[in-house]
Amino acid sequence: YAQLYHVIPEDPEVRVAVGPPMRLENAVYMHSFGLSDRHAIVCEHAWHIDTKQLLEGKMVEAASVIDPMEPTRLHVLDLLTGQVTVHKAAPFVCIHFTNLYH
């Protein structure tokens, strides 16, 4: 079950190029995403949720999967052009972003 993430401006007066949705291979467990004046960043890390198990009635705890062999993917959306670039890294877990600057 691939997951789609959209970046949509809250203020209709804000003019950013909202590109195609960011397609993640897994439903990752995340509390936030990175946002600067130029980029939005979604971290697709090794801790994800098996959505099929959720649909079968299992709790999030039971549906959690950590795959230490799965690379971390950073999906970077350029807010000016709408282009999404994916960068792979060694496996790690990221739940919160702070102090993101361009």
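This is a predicted model: local features need pLDDT of at least 70, side-chain atom pairs count only at pLDDT 80 or more; totals for chains, interfaces and linings use all residues.
The secondary structure of the protein amounts to 2 helices and 9 strands. Read from the N terminus, the elements follow the order β-β-β-β-β-β-α-α-β-β-β. Of the 102 residues in the protein, 30% are buried. The exposed surface comes to about 6,800 Å², of which carbon and sulfur atoms supply 56%. Among contacts between residues at least 6 apart in sequence, 50% join residues at least 24 apart. S32 is placed in the loop between β3 and β4. When residues up to four places away in sequence are not counted, S32 touches I95, H96 and F97.

In one of them, 3 strands are arranged in the order β3-β6-β7 with antiparallel pairing. The edges of this sheet are β3 (27–28) and β7 (64–66); each has a single partner strand, so one side of each is left without a neighbour in the sheet. The pairing of β6 (residues 47–49) with β7 is antiparallel and extends over 3 bridges. Within this pairing, H48 has V65 of β7 as its bridge partner.

The other open sheet has 4 strands in the order β4-β5-β8-β9, again with antiparallel pairing. Its edge strands are β4 (34–35) and β9 (84–89), each of which pairs on one side only. β4 and β5 form a hairpin with 3 residues between them, and their antiparallel pairing is made through 2 bridges. Strand β8 (residues 72–78) is in turn joined to β9 by 6 bridges, the two strands running antiparallel. T72 has its bridge partner, A89, in β9.

Strand β5 is mostly covered, with 6 of its 6 residues buried. In a regular strand the side chains alternate between the two faces of the sheet. For β5 both faces are covered: H39, I41 and C43 are buried on one side, and A40, V42 and E44 are buried on the other.

E44, which belongs to strand β5 (residues 39–44), has a relative accessibility of 1% and therefore counts as buried. Leaving aside neighbours within four places in sequence, E44 is in contact with L24, E25, N26, V28, P71, T72, R73 and H75. One of these residues, H75, is located in strand β8 and is likewise buried, with a relative accessible area of 2%. The side chains of E44 and H75 are joined by a polar contact of 2.7 Å.

Side chains of opposite charge can pair when their charged atoms come close. The count of salt bridges in the model comes to 3. In one of them, D78 is paired with R38, and the closest N and O atoms are 2.8 Å apart. D78 lies in strand β8 and R38 in the loop between β4 and β5, so this pair ties together parts that are 40 residues apart in sequence. The two partners fall into separate accessibility classes: D78 counts as buried at 12% relative accessibility, whereas R38 counts as partly exposed at 25%.

A salt bridge also links the side chains of R73 and E44, with an N to O distance of 3.7 Å. Because R73 lies in strand β8 and E44 in strand β5, the pair ties together parts that are 29 residues apart in sequence. R73 is buried, at 13% relative accessibility. R73 forms a further salt bridge with E70, for which the closest N and O atoms are 2.8 Å apart. E70 is buried as well, with a relative accessible area of 18%. Through shared partners, these salt bridges join E44, E70 and R73 into one network.

How values were computed: Residues are numbered from 1 along each chain as its sequence is written. Side-chain values use heavy atoms; hydrogens and water are left out. Two strands pair if DSSP finds at least two bridges between them. Buried means under 20% relative accessible area, exposed over 50%, partly exposed in between (1.4 Å probe, protein chains only). Contact means heavy atoms within 4.5 Å. Accessible areas come from the Shrake-Rupley method with a 1.4 Å probe; for residues, only the protein chains shown count as cover. A polar contact is a pair of N or O atoms within 3.5 Å; within protein, one must be able to donate a hydrogen and the other to accept it, and residues adjacent in sequence count only if both atoms are side-chain atoms. A salt bridge is a side-chain nitrogen of Lys or Arg within 4 Å of a carboxyl oxygen of Asp or Glu.
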